[in-house]
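Okay, thanks for coming, everyone. I'd like to walk you through one model today, piece by piece, so let's get it up on the screen.

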Amino acid sequence: MQHNDSERLLSRAEVQDRFGIGQRFLADAHKRGEGPRLIRVGRLIRYRVQDVRAWIEAQASDEVTR
């Protein structure tokens, strides 16, 4: 049985590899109550692809920084 890629749960290392979001940032953001929504599977931390994508989209800004 094949699963849709968006249903796959990613580790922090996989999120880093796939989206370029550092593992340390993910851990720190979670402690601050920020960052992509996560799922605990026992002691493991996992992320849904669609949750990471939604979080990235929510970070988008039209603001120009100098």
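Let's start at serine 11. Leaving out anything up to four places away in sequence, serine 11 touches Ile45 and Arg46, where a contact means heavy atoms within 4.5 Å. Serine 11 sits in the loop between β1 and α1. Is serine 11 buried or exposed? It's buried, with a relative accessible area of 15%. For the cut-offs, buried is under 20% relative accessible area, exposed is over 50%, and partly exposed is in between, using a 1.4 Å probe and protein chains only.

Quick housekeeping before I go on. This is a predicted model, so local features need pLDDT of at least 70 and side-chain atom pairs count only at pLDDT 80 or more, while totals for chains, interfaces and linings use all residues. Residues are numbered from 1 along each chain as its sequence is written, and side-chain values use heavy atoms, with hydrogens and water left out.

Now the overall layout. The protein has 3 helices and 3 strands, and from the N terminus on the order is β-α-α-β-β-α. Helices here are DSSP runs of H or I with at least four residues, strands are runs of E with at least two, and both are numbered from the N terminus. Of the 66 residues, 27% count as buried. And if you take the contacts with a separation of 6 or more, residues 24 or more positions apart account for 50% of them.

On to helix α3, residues 49-59. Which residues of α3 are buried? They are Val49, Asp51, Val52 and Trp55. Those residues are on the same side of α3, because they cover an arc of only 170° around the axis; the arc is taken from the directions from the helix axis to the C-beta atoms. Over on the other side of α3, Glu57 and Ala58 are exposed. As for what covers the buried residues of α3, that includes β1 (9-10), α1 (12-19), α2 (23-31) and β3 (44-48).

Valine 49 and arginine 18 are 31 residues apart along the chain, with their C-alpha atoms separated by 9.6 Å. Then there's glutamine 50, also placed in helix α3. Glutamine 50 is partly exposed, at 36% relative accessible area. C-alpha to C-alpha, glutamine 50 is 9.7 Å from leucine 9, and the two are 41 residues apart in sequence.

So how do the helices meet? Take α1 and α3: their axes come within 12 Å and cross at roughly 55°. The axes are lines fitted to C-alpha atoms, for helices over the stretch in contact, and the angles run from 0 to 180 degrees between N-to-C directions. That angle makes α1 oblique to α3. On the labels, under 35 degrees is roughly parallel, over 145 is roughly antiparallel, 65 to 115 is roughly perpendicular, and the rest is oblique. The α1 and α3 crossing is right-handed, meaning the near helix is turned clockwise from the far one by less than a right angle, with anticlockwise being left-handed. On the α1 side we've got Val15, Arg18 and Phe19, and they meet Val49, Val52, Arg53 and Ile56 in α3. By type, that contact of α1 with α3 has 5 nonpolar residues, no polar ones and 2 charged. Nonpolar here is Ala, Val, Leu, Ile, Met, Phe, Trp, Tyr, Cys and Pro, charged is Asp, Glu, Lys and Arg, and the others, Gly among them, are polar.

Next pair, α1 and α2. Their axes come within 8 Å and cross at roughly 120°, which makes α1 oblique to α2. This crossing is right-handed. The contact is made by Arg12, Ala13, Val15 and Gln16 of α1 with Gln23, Leu26, Ala27 and His30 of α2. Those residues divide into 4 nonpolar, 3 polar and 1 charged.

Last stop, α2 itself. Leu26, Ala27 and Ala29 are buried in α2, and they're on the same side of the helix because they span an arc of only 165° around the axis. Arg24 and Lys31 are exposed on the other side of α2. The cover over the buried residues of α2 includes α1 and β3. And just after α2, glycine 33 takes a positive phi of about 80°.
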